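Walk through this model with me, one contact at a time. Keep the sequence and the coordinates open side by side.

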Amino acid sequence: MLFIFKKSEGYIIMKRTQTLLTTLVCSASAFMVQAATAADEEAGPIEEVVVTGYSTQSKKDLTGAVASVDIGAIADKPAGNVVQNLQGKIPGVQITTSGNPSSAATIRIRGQGLGPLGFNDPLFVIDGVPSLSGLERLNSNDIESVQVLRDAASASIYGARAANGVLIITTKKGISDGLEFNFKANRTYEDFSFGVNPLNTEQRARALFQAAINDGTDPNDVSPLYYYDWNNDFGSPQLNCISFGVYTNDGSDFRCSGSENKFNFIDSDRTMQAADTSWFDEITRTAVIDDVNLSFSSGNEQSRFYGSAGYYNAEGVIDGSNFKRLTLRLNSDHEMADGKVRFGENMTATWQEEALVNSIVDSGNNPLLALSIEQQSIVPIHTVDGVGWGGPTGGITDRDNPVRKIELNKDNFFRTNKFLGNIFAEYEPIEDLTLRTLLGVDYTQIVSRIFNQESQAGSIGFGDDVRNSEFWEKGVVWSNTVQYKWYMNDQNTFTFLLGHESIDYTSENFFGQITDFAIQDYNFAYLGVGTGSPLVGGTGDEWRMKGFFAKIDYDYAGKYLLSALMRRDGSSRFGEGSQWGNFPAASAGWRISDEDWFDFEFINELKLRVSWGETGNQEFPSTGAVTYFLPKYATRSIFDDTRDEGTAYDISGANGGALPSGYVQEQLGNPQLQWETSEQTNVGLDFTVWEDKVYGSIDWYTKETSDIITQTTPLAVAGEGAQRYVNGGTIENTGWELVLGYDSYVEMGDSGFDLDIAFNLSKSENEVKELPSDVVNSFPGNGQDITILGESINAQFGLIADGIFQSQAEVDAHASQIGAAPGRIRYQDVNGDGTVDANDQIFFTTTDNDYTYGLNINAVWGNWDFTMFWQGVAGGDVRNDWRFFTDFVSLNAGSNYGDRVFDAWTPENQSDIPALSRVDPNQEARNSSYYYEKADYLKLRTLTIGYTLPESFLNALRAETARIYLQGSNLWTWTPEDTVVDDPEVPSVRFPVPKRFTVGFDITF
């Protein structure tokens, strides 16, 4: 918690973080750390302070919905991404993560817009510099505070980029007296288990045998991989033994005899011997994360410095995945002319390396996790010579070898260099008048050299190529503000803020590609060495935005609070006449507990807040408003390899050389494209009761985002380049958020402990109000009378699965359904016309959660501290794509299956898993409620035990403070009994969320 004390030189903020006590000096430009003294504490706590847009503000005076994050609560976690570590701790903020070591996180503040057809990410403001870059490029150990501007009245000061909310990140500053060093390190071990349970070689053969028996087909006619020695009696089948593979070196009989199982070759070239490979085990591992941070803080009354160096090295639980980051930071601030002039800088440089394996685990045409389940265990990792790669052959789905994919990509990385910083200056010509200017730069460069080696995996051949690419982007922001605080008298206070901001953005990327290398080695694979035809390309982007804003805050006796704001932004992304947008906001607060008539002794503070505002979004390509044409020298057809759909033509008939090229329309312009606008109303209530031991707040909001910018998907008959960006989509999000906490010293006999319990609960609903006619068919529905209008943007459309037909009598009594039979999925005849078909599809569920919640418990007893954090969601469904593998042998006949197939329906085992079959007459691959499960879960996210070394040890170490700790993360997950998916948070082929065990220490000299 933060407490502020009035001092002659400014404000002193006391911050209690577990067992450590520090103080911060607050100004509009910086936070400066200095040692706490007994004299400070005697002043008594006055108020908590938060950082808002372009200034700071007392929390008691806030009239908008601003959430302050307790950075101390996540200080022990590996510093991959501060947002990832905040999951479940902020009401109204939904954070989705995975186990990817790159630590990326998806953030949704108070719902979302058009999902895949819109922009939904919040704006990050880091030490005054706005950015859309992921926070995995920052060192979390450098972060002092995070404020989340949830409502429009708070966020509208950022105008055209704030429609999805704003996160304000402030980094640490130097102390004003002395020199302090801090060293912090931790090591984390990651592991996980998975319940998909792919079958081994014999189990899969037996599952296919049962499917053939169910279909009335001779099992020896269904796959070239197996020979079954059975009694040929479909009425009472008896399997004697199985022979795997049908090719032998000496031409002897491949068939098994008695109970002996023979492992022969599965390919006619006799290079791959039947195996029993556990692909999932082959590509997973126990991972290690190392996080080391060294920082210093120093200063005097005129100058303060903070610097740090951080190293973060995270393996992933998938072999070959890795993320490394080295960060350097230097912050300083200085005073001159008796404090009237203040200036300084906040700068960080980041070097980052991300393995290509990180992205191919859960993306692309053949994601690694899916491959590890889908590839059959009968396929060996290597051919018999130990050099070549095993792969598909007859009877096996045409899928890659996941181990090959990892091994041949281990050298492939994306490297990122980033600089983010600002310089600022303030001048106070007269008391309470502050002039401030800030110049900031956000520069990112991403380079890569990806080498794909020539190789063969079974029947799949891979050619070689190398692709060098470089992308850089630069955003320059210049902001200027004038702030004046006018104390009219003891009762009336006005704060005026005027500002201007300009942003210039430039980016460029290029790539070069070539094939045919004489030596298949990464260290040899450069563009100048390949002998194939080179291919080069590149693009660039540039846009500018200017903004002007004015804000006035009024405070009457600390009891009545009013705030009004107007921001006007102009962006070059829009066409003439549509470039400027206005974003107003207004809010009010009433501290009811300060009224003379208020006489409830147990209520210490009660404040009512009401706000309204508008924010905007301009995140779409800068070419969106114009029609443009591109030359395409050569473009291979998506239909076959012999057709060239490029714009080049051999006019002279030379049959060689450089060809002249025409142009093709790439996009239809829309100069009338308008600003996307979010209008939001918020009503909130803040309170503390029982001697400030219990605190909380509740907020209700409604947020309507209109004129959502999205790209159309026209029919093919409209011709090339007919797509364009349009306005028209309208989404409404409504919900409420509750925070409730208890913070006190609990006495136990002659001793006691500090206890802080914080609980948050939020609910959000989403509804599509309007869509352009040429966009509505991009979403589920029949495109006519049943569309996503009136539904959530995440609504799911399909058939209702109503159990399994258990008998022929049930089939006969049901509506007509093609492929209906005992053991098959029964679908509801929704429209009651006696036939189950496409007309019975409806919106049957949504992936939106009804509630999200979190519970954090902190306790400090003597030198010991304890933290436990629970997080969960309730309501909504998730799609479990693993069911394609675990429940069927028909939907992907050449793949592996999961062990649930052994509990499939039979006349003797009337389960809820369809009967095994090699065919799919019932069309059970159709989207239906069968693939959706409850999204509810409750996780023990964090359990930490720490110990602060006693003074005797500190004296021996010559240290000020030292602490060691143990932490476990994602230790336990509860899901409803009828769910099959292991983790509803990551229900399909994405990186799984692993268990984490961390040991670390933190020492300050």
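Phe 1005 is partly exposed, because its relative accessible area is 37% (buried means under 20%, exposed over 50%, partly exposed in between, with a 1.4 Å probe and protein chains only). The residue sits in the segment after strand S47 (995-1004). Helices (H or I, at least four residues) and strands (E, at least two) are DSSP runs, numbered from the N terminus. This is a predicted model, in which local features need pLDDT of at least 70 and side-chain atom pairs count only at pLDDT 80 or more, while totals for chains, interfaces and linings use all residues. Residues are numbered from 1 along each chain as its sequence is written, and side-chain values use heavy atoms, with hydrogens and water left out.

Phe 1005 belongs to a nonpolar surface patch with Leu 179, Phe 181, Leu 294 and Leu 957. Patch members have over 30% relative accessible area and no salt bridge; like charges are joined within 9 Å, nonpolar side chains (Val, Leu, Ile, Met, Phe, Trp, Tyr) within 5 Å.

Stay with Phe 181. This residue is partly exposed at 38% relative accessible area. What is the geometry between the rings of Phe 181 and Phe 296? Their centres are 6.5 Å apart and their planes stand at 45°, so the pair is tilted. Rings of Phe, Tyr and Trp (its six-membered ring) pair if their centres lie within 6.5 Å; planes under 30 degrees apart are stacked, over 60 edge-to-face, and the rest tilted. The pair links distant parts of the chain: Phe 181 lies in strand S14 (178-191) and Phe 296 in strand S17 (287-299), 115 residues apart. Phe 296 is partly exposed, at 29%.

Phe 574 is in the loop between strands S28 (560-571) and S29 (580-591). Phe 574 is buried at 3% relative accessibility, and Trp 675 is buried at 5%. The structure holds 39 aromatic pairs. One aromatic cluster is formed by Phe 209, Tyr 226, Tyr 228, Trp 230, Phe 234, Phe 244 and Phe 263.

Now turn to charge. The structure holds 48 salt bridges (a side-chain nitrogen of Lys or Arg within 4 Å of a carboxyl oxygen of Asp or Glu). In one of them, Arg 329 meets Asp 142 at 3.4 Å, N to O. Arg 329 lies in strand S19 (322-336) and Asp 142 in the loop between strands S11 (129-131) and S12 (143-149), so the bridge ties together parts that are 187 residues apart in sequence. Are these side chains buried or exposed? Arg 329 is buried at 7% relative accessibility, and Asp 142 is buried at 2%. Both also belong to a salt-bridge network with Asp 127 and Lys 173.

Glu 374 bridges to Arg 399, with the closest N and O atoms 3.2 Å apart. This pair links distant parts of the chain: Glu 374 is in helix H6 (368-374), and Arg 399 is in the loop between H6 and helix H7 (402-407), 25 residues apart. Glu 374 is buried at 7%, whereas Arg 399 is partly exposed at 27%. Lys 551 and Asp 553 form a salt bridge at 3.9 Å, N to O. Lys 551 counts as buried at 18%, as does Asp 553 at 17%.

Finish in the loops. Thr 712 sits between strands S34 (694-711) and S35 (725-748). With 4% relative accessibility, Thr 712 is buried. Beyond four places in sequence, Thr 712 touches residues including Arg 724, Asp 774 and Val 775 (contact means heavy atoms within 4.5 Å). Ser 929 lies in the loop between helix H9 (883-886) and strand S44 (932-934). The Ser 929 side chain reaches the backbone nitrogen of Ala 801 at 2.7 Å.

Technical notes
Areas by Shrake-Rupley, 256 points an atom, 1.4 Å probe, with all protein chains shown as cover. Polar contact = N/O pair within 3.5 Å; in protein donor to acceptor, adjacent residues only side chain to side chain.
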